[in-house]
Amino acid sequence: MIRLIGYFFGIGAFLFLGVAGAVALYIGNVSRDLPDYEVLNSYAPPVTTRVHAGNGELMAEYAKEKRLYLPIQAIPDRVKAAFLSAEDKNFYKHPGVDITGLGRAIFVNLQNFGSGRRPVGASTITQQVAKNFLLTADQTIDRKVKEAILSFRIEQAYSKDRILELYLNEIFFGLNSYGIAGAALTYFDKSVTELTIAETAYLAALPKGPSNYHPFRREKAAIERRNWVVDRMVENGYVTKSDGEEAKKQPLGVTPRRGGSHLFASDYFAEEVRRQIVQRYGENSLLEGGLSVRTSFDPRMQVAARKALQNGLVSYDERRGFHGKLSTIEIGGDWGTQLSKVPALSDVPEWKLAVVLGSDDNGVDIGIQPEKDGSGKVAEGRMTGRIDAENMKWAYRSSTGDRKSARAPSGVLAAGDVVYVEALDAALGKYRLRQPPKVQGGLVAMDPQTGRVLAMVGGFSYGQSEFNRATQAMRQPGSSFKPFVYAAALDNGYTPASVILDAPIEIVAGGQVWRPENYGGGSAGPSTLRLGIEKSRNLMTVRLANDMGMNLVAEYADRFGIYDKMPPLLAMSLGSGETTVLRMVSAYSVLANGGKQIKPSLIDRIQDRYGKTIFRHEERTCGDCNFTQWQEQAEPVLTDNREQVLDPMTAYQITSMMEGVVTRGTAAGKIKLDRPTAGKTGTTNDEKDAWFVGYTADLVAGLYLGFDNPAPLGRGSTGGGLASPIFNDFMQEALKGSRPVKFVVPEGMNLIPVNRKTGMAASEGDPDTIMEAFKPGTGPADTFSVIGMDEFVSPEEILKSSPQANQAIQGGTDGLF
């Protein structure tokens, strides 16, 4: 018997050693090509790039995987508890593999064998880290063994908190969100510190299968799974029973975060920032680098810019009549469902899509497009309203300018027509008819001292067109370019009182004869440079450019950054080259800041994922700014290293002349600000574009209006008539609450009274006296010298010999607006 027992023991020992050897050989073979778990030390997952406004508000996010990396210390205990309860309650006790849990899972799976139930898993959080970071998701024995071996090694190399940190920042939650911080924002638009027990439990339920617990498509299953997690939190002592019961009564409450820009009206600005980051660092850095971008964007100023430009575009467009319905739908059944399928302008929330339910001579009955929830389900309620005849009478004129035969609402809209409306009083159901304008435009506002772009509007609506007309549209600036011709002259010996002949001129080049004309025709005879700017005389500008040479004008245009390499052609002096609104505003900023070159910038600072600053717009340094305490030292001074591209006295002279544009020139009566304002109108050939660029001492803004495919805006559609009122509306709102500042007169500049018409020294009591700015060593001329005329004559002789000049000097005719 003893011999038999020994025999069986020997066989058993032999088999055990054989199996142990086989297992050892298998494990050794599997372990031979295991990935290096030490790469977890340098784990740098794709992280969302976040773009912030100047005040810190979030503007936009860009990512392949929506993830924000949070260190374990920043993750609340409640969040950790929810995931431990849902995934691995023994996480802080096991060595990487939960033997007890594994045995329980094997037993349950054996019981359920053949029942069709899904097998129960027993992977620990450490095993999931090993799989997600180092292995594939193959359902094989080899992969599971590798996972277990790596889990033991990971546990020996890293702390439990580090492993949990890796797990919570890596896992996928659905809706393209990765990591707990990204999931909290995606599902609830909250930070992790703001999550409730119910919200935390739902997020902890998602890693098992985000699509199985979709918040809208499988809401019931999602709530059941969330409640299961809440029960586990109560069972494990993380949450009290009463708090758990309260959490289970809560609705799922998912409010998906809107993609794209998050700040109202910031789409054009955010997209331009995105383009610049891609150009500077590449698309991978944008989508995976976790950059933190602080921009110069001013939300309040941006809203004012958007409103001013939109109102101007709509006002112009409505004066030219109704373009017609957007589309037509059937209204016999549920018109709300059909109307919900028509795409609306997402960034013009004050406008709603509506369908005409009926019309008569007194107005139109409409149905408003119903809202959708996060799953895209159309709301059940239906809202109706009415457009009274007086709130759509602008539409009686067709877009071709012809009057319709029926001057009543019923002659404009019919049942089933889809249009835009704006609520006048939504509670009373009163609406106004609207239409997206065909005319477009761009507007930029900038700090002239730093070049920081504070506001940018690239068109009526980003939803209508993503083309940014402030930075991408190449347009002729027209007469808004003229100040730089005059600045070149003032910088090279001319004065604001220099007199130029405003009379017909012929330029012969290449066998062609060019005969420029003033706006509206006519000419004014001898006139001062000031008058040439104020009244925007084309003939004077061409003569001035010809007198000093277009090579000089071209050099100044390049110096100001308006063009890269401007051809020295006389026609370019009238703004016939193409440039952008951003470039023009940057150039005017040089005039506003006293001649200092600035670099326009939308980005103040960029930090990498570790907080290191990798870009800063402000290049000046302050070595004396870091004292820890006051020791009677001098105040620190920032060294101004900007290039001086224009004489400060010249900058003031041209500013003073452009103040005249606003007070008595082509923009007279259009701009009403409580502080000194300078600016220039611009209108291109055939009135295809209308410009105004202007500034106060601390803010520059410029804009244009025009069709994307350049076409005439209509007779009389000038920069003074169309663009300057928009500038005024914007500046009034943008400067509200700020202290008025005067333009600084450079030291040494002489202010001398001169006759506004002749440019000569004014006599006492002269009603046409103006204080003109002269540089040291210059002043009013003693004799009436006219550029463009060979002889010197007196003012009296000019007036006697030329009735046309007499009439022009007394009253003047309008130039190019």
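I count a charge as sitting over a ring if NZ of Lys or CZ of Arg is within 6 Å of the ring centre and within 35 degrees of the ring normal. By that rule I found the charged end of Lys160 over the ring of Phe91, 4.6 Å from its centre, and Arg280 over the face of Phe615, at 4.1 Å from the ring centre.

Ground rules. I am working from a predicted model, in which local features need pLDDT of at least 70 and side-chain atom pairs count only at pLDDT 80 or more, whereas totals for chains, interfaces and linings use all residues. Residues are numbered from 1 along each chain as its sequence is written, and side-chain values use heavy atoms, with hydrogens and water left out.

Entry on the mixed sheet. I took helices (H or I, at least four residues) and strands (E, at least two) as DSSP runs, numbered from the N terminus, and I let two strands pair if DSSP finds at least two bridges between them. Five strands then form an open sheet of mixed pairing, in the order E2-E1-E5-E18-E19. Strand E2 (58-62) and strand E19 (613-616) stand at the edges with a single partner strand each, so one side of each is left without a neighbour in the sheet. Neighbouring strands of this sheet are turned by 15° against each other on average, direction ignored; for such angles, axes are lines fitted to C-alpha atoms, for helices over the stretch in contact, and the angles run from 0 to 180 degrees between N-to-C directions. Within the sheet I looked up E1 (residues 49-52) and E5 (residues 292-295), which run parallel and are joined by three bridges, with Val51 standing opposite Val293 in E5. Helix H11 lies across E1, E2, E5, E18 (603-607) and E19, and runs at about 45° to E2.

I call a residue buried under 20% relative accessible area, exposed over 50% and partly exposed in between (1.4 Å probe, protein chains only). On that scale seven of the seven residues of E22 are buried: Val700, Gly702, Tyr704 and Gly706 point one way from the strand, and Ala701, Leu703 and Leu705 the other way. E12 pairs with E22 in the antiparallel sense over seven bridges, and there Gln440 has Gly706 as its bridge partner. E21 and E22 also run antiparallel and are joined by seven bridges, Trp691 stands opposite Tyr704, and a hairpin of four residues joins E21 to E22.

I then asked what covers the buried residues of helix H21 (residues 719-734). The cover includes helix H13 (299-319) and strands E12 (440-446), E20 (678-683), E21 (689-695) and E22 (700-706), while the buried residues of H21 include Ser724, Phe727, Asn728 and Met731. Ile671, in the loop between helix H20 (648-664) and E20, is buried, with a relative accessible area of 9%. Leaving aside neighbours within four places in sequence, Ile671 is in contact (heavy atoms within 4.5 Å) with Val662, Thr677, Phe692, Ser724, Phe727 and Asn728. The C-alpha atoms of Ile671 and Met731 are separated by 9.1 Å, although the two residues lie 60 residues apart along the chain.

Entry on ring pairs. Rings of Phe, Tyr and Trp (its six-membered ring) pair if their centres lie within 6.5 Å, and planes under 30 degrees apart count as stacked, over 60 as edge-to-face and the rest as tilted. The count comes to 23 aromatic pairs. Phe188 and Tyr202 form an edge-to-face pair, at 6.4 Å centre to centre with 85° between the planes; Phe188 lies in helix H7 and Tyr202 in helix H8 (residues 197-205), so the pair ties together parts that are 14 residues apart in sequence. Both of these residues, Phe188 and Tyr202, are buried. The rings of Tyr268 and Tyr462 have centres 5.2 Å apart and planes at 85°, so this pair is edge-to-face. I also noted a cluster in which ring pairs link Phe481, Phe484, Tyr556, Phe560, Tyr563, Tyr588, Tyr695 and Phe743.

Entry on positive phi. Asn176 has a positive phi of about 60° although it is not a glycine, and at 31% relative accessibility Asn176 counts as partly exposed. Glu687, in the loop between E20 and E21, has a positive phi near 55°, and at 8% relative accessibility Glu687 counts as buried.
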